[in-house]
Every structure is written in C-alpha cells, then in structure tokens.
Amino acid sequence: MSGGRHVRVLRPGQLGVEETGSWRELRATSGAVRNPFMEPEFAVALGRVRPRARVAVIEEGRGGKGGADGRGIVGFLPFERSAWGNGRALGLGVSDLQGAVLRPGTALDGEELLRACSLSSFTFDNLEDGQALFTGRTADAYPSYVIDVGEGYPAYLEGLRQRSPKFLRTTLAKERRLGRRVGEVRFVFDERDPRALDTLMAWKSAQYRRTGRRDRFAREWISRLVRLLAATRAQECAGVLSVLYAADRPVAAHFGLRSSTVLACWFPSYETELAKYSPGLVLHLRMAEAAARAGIGLLDMGRGAAEYKEALKTGELRVHEGTLIRPGVGAALHWLGREPARRAQGFVRRRPRLASLAARSLEAAGRLRS
C-alpha cells in the first residue's frame with residue numbers, strides 16, 4: 001500500500017496479544033459507540049466457525065513508531081474471502097455491525113485496501129456509520145433503532161410514558177395479568193442455564209419458519225457461533241442470555257452481546273401460546289432496566305423495522321448496505337450474481353406498502369410449509 005503502509009492477512013485465531021490489544025485500543029479511541037460486534041472476540045469466534053474468515057492488519061512503517069502500540073498498527077479489517085476473491089464483511093447476514101477498525105485520522109483508499117487483501121469486492125449489510133472508506137459510492141443507509149438508558153431507567157420510562165402512554169400502560173397491565181393468570185413473573189438478565197438457550201433457539205427457529213424466513217439456526221455455523229459467544233466473557237464482548245419467567249416457566253428470552261456500555265440486541269423470541277400477554281415487550285422493558293442498572297447506556301435493537309422497535313426506541317443510528325468493487329473480472333461476476341437482487345430488495349424496503357405485502361406473502365408461505 002502507499003504511504004509506507006503494509007497489510008498482513010491473518011486468520012482471526014492467529015491474532016496475538018499485541019494485535020488484540022491494539023484492536024481494543026483503536027476501538028476505544030475511535031469515538032464510536034462501543035458495539036461488541038466490532039470487538040476482536042467476535043472476530044475470533046467467527047473464525048472458529050467460518051474457515052474463510054480473515055483479518056487484515058494494517059501497519060504503518062512496518063514496525064516503526066506512530067502506531068497504536070508502538071508497532072505501527074493503524075487498523076484492522078475483518079472479512080471473509082470466497083474462492084473467486086470476492087470479499088464480504090465478517091458474519092455477513094448475521095452480524096449487526098461491520099467495518100474496519102482504524103486509528104482516528106487514518107486515510108485509506110478502499111480499492112487499494114482491497115487489492116492488498118487480494119479482494120475484488122467487499123460486500124456489507126450492516127456497515128457502521130462514518131466508514132467513508134466503503135460507503136462513498138455504493139451504499140444505502142438504513143436506521144438501526146436504539147434505546148438510550150444513559151440517564152437511568154426511570155428517566156427512560158418517563159420519556160416512554162410521555163411519548164406512548166397507552167402503549168406503556170397496556171404493556172405493564174399485561175405483565176400484571178401474566179403474573180396473576182400464569183404465575184409469579186421474574187426476570188434473569190444473565191441466565192447461565194444452557195436449557196434456556198436451547199428453548200430460545202427452538203422458539204426462534206419456529207418463528208423463522210412461521211414467518212416464511214430462512215431458519216438461521218438450521219445453519220450449523222450460526223448455532224455453533226451463538227454457543228461460543230454465550231461462553232465468551234470479555235469486558236467488551238460478552239454473551240448475555242436474558243429470560244422472563246412466569247411460574248418458573250420461560251415465556252420470553254433474548255440472546256445478545258454486551259460491551260461495557262452497549263447491549264446489542266440480537267435474537268429475541270417468546271412462547272407463542274402466551275402471546276396475548278406480550279411477553280416479548282415485557283422482556284425488553286426488563287432488559288432496559290437491568291442494562292441501566294449494570295452501567296449500560298444503550299440498547300441497539302438493530303436494523304429492520306418492527307412495531308416493537310418503534311414503540312420502545314428513543315432514537316436511531318445508521319448502518320449501510322452495499323458493495324465496494326475493485327474493477328476486474330471478479331467484480332463483474334459479483335455484480336451479476338448479487339447486485340440486481342440487492343437493488344430489488346432495496347426497492348421494496350423503501351416502499352412501505354410493497355414491504356408489507358412481501359411480509360404477508362412470506363408469512364402465508366411459512367404457514368403452508370408448516
């Protein structure tokens with residue numbers, strides 16, 4: 001690369017103590033929200049289930065002064081590489097935040113970085129906002145819905161009461177009714193019982209099939225990834241399983257990742273037999289309360305419109321979807337194979353009536369398959 005820079009491409013498991021330390025330091029000084037999907041522990045877990053996972057280590061001066069750790073490391077790009085040289089963000093389709101981790105002020109050329117990584121393209125679907133390296137020409141932006149509890153849960157609850165008084169009143173009434181009719185309601189923010197995770201994954205698989213969507217947990221690597229992350233306990237990337245019980249019976253659950261300041265919401269689901277009590281909404285309120293108590297200031301519910309997100313959110317971040325392409329035969333093959341479908345999906349998402357019709361069609365297809 002130009003500017004005296006050098007790129008080493010490693011498997012995530014080959015990252016040493018110095019590399020992971022530099023990664024954490026760069027992330028801490030970036031000024032970005034400390035989302036656990038952008039931490040080295042997530043990349044290492046992905047590397048254990050995705051053989052094509054790689055991390056580009058970007059160095060300046062090849063060991064000279066000026067890097068984050070005195071070795072000249074100025075950035076990292078986690079990615080996966082196909083046999084044809086097409087690149088994709090690490091965990092594309094399952095990771096809720098993606099992109100490079102760079103020292104503030106580092107200027108890079110995206111196409112030059114792809115060349116150094118032997119990639120003809122780089123595809124992303126949840127790229128972190130502000131990554132101009134990849135978003136200059138090809139990306140569409142989408143909202144990622146967040147709950148800000150930085151001022152404490154009582155302040156969030158009061159704001160929710162002012163914005164949506166009927167919604168809050170109804171949800172709290174349903175929680176009380178659940179306790180009276182099913183049994184005492186209790187909540188565990190960080191449940192360690194593996195049976196609860198099995199229950200959540202079974203609920204989520206049934207939900208995917210019911211709504212006509214691809215069952216993520218039918219893919220072995222995703223199931224393995226979730227179990228690996230459930231056992232991960234790093235300060236800035238730890239798996240958290242939260243469960244709402246009624247009479248000691250799981251009625252709603254969520255598995256996500258947390259850092260010291262962010263809870264990344266990932267896989268929520270609930271017992272459909274008790275849907276009339278809205279256990280999923282009750283669960284999210286309890287999660288917000290517990291997160292605030294644990295010093296977490298932000299719950300990131302991710303991209304994808306949903307009624308519960310609209311009801312609970314306090315604001316939005318942005319993520320991006322698209323592809324950076326380096327001219328060549330590999331890029332042309334990528335465009336022909338992926339880009340027309342991506343653009344068609346974007347066309348539908350930007351038109352609420354079409355999106356609603358598509359969702360209803362998927363649910364009808366799911367009912368037929370069931």
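**Notebook: pockets, helix pairs and a salt bridge**

I began with the second largest pocket, which has 19 lining residues, and Ala 100, Leu 102, Arg 103, Gly 130 and Gln 131 lie nearest its centre. The elements giving two or more residues to this lining are α1, β5 (101-102) and α4 (132-135). I noted a volume of about 300 Å³ for the second largest pocket. Its lining has 10 nonpolar, five polar and four charged residues by class.

Before going on, I wrote down that this is a predicted model, where local features need pLDDT of at least 70, side-chain atom pairs count only at pLDDT 80 or more, and totals for chains, interfaces and linings use all residues. Residues are numbered from 1 along each chain as its sequence is written, and side-chain values use heavy atoms, with hydrogens and water left out.

Grid points are joined across faces, edges and corners, and a volume is the space filled by probe spheres set on the points. Ala, Val, Leu, Ile, Met, Phe, Trp, Tyr, Cys and Pro count as nonpolar, Asp, Glu, Lys and Arg as charged, and the others, Gly among them, as polar.

Next I looked for cavities, and the search of the whole structure gave one of 30 Å³ or more. The largest cavity holds about 80 Å³ of space. Of its 14 lining residues, Phe 37, Met 38, Pro 78, Leu 97 and Gly 99 are the closest to its centre.

Then I turned to helices (DSSP runs of H or I, at least four residues; strands are E, at least two; both numbered from the N terminus). I found that the axes of α1 (residues 17-29) and α2 (residues 40-49) come within 10 Å and cross at roughly 130°. Axes are lines fitted to C-alpha atoms, for helices over the stretch in contact, and angles run from 0 to 180 degrees between N-to-C directions. Thr 20, Trp 23 and Arg 24 in α1 meet Pro 40, Glu 41 and Ala 43 in α2, contact meaning heavy atoms within 4.5 Å.

Last, I checked salt bridges (a side-chain nitrogen of Lys or Arg within 4 Å of a carboxyl oxygen of Asp or Glu). The whole structure has 22 salt bridges. In one, Arg 24 pairs with Glu 41, with the closest N and O atoms 2.5 Å apart. This pair links distant parts of the chain, 17 residues apart, from helix α1 to helix α2.

Definitions and conventions
On a 1 Å grid over the protein atoms alone, a cavity is a set of points where a 1.4 Å probe fits but cannot get out, and a pocket is an open set with protein on both sides within 12 Å along at least five of seven lines; lining residues have an atom within 4 Å of a point.
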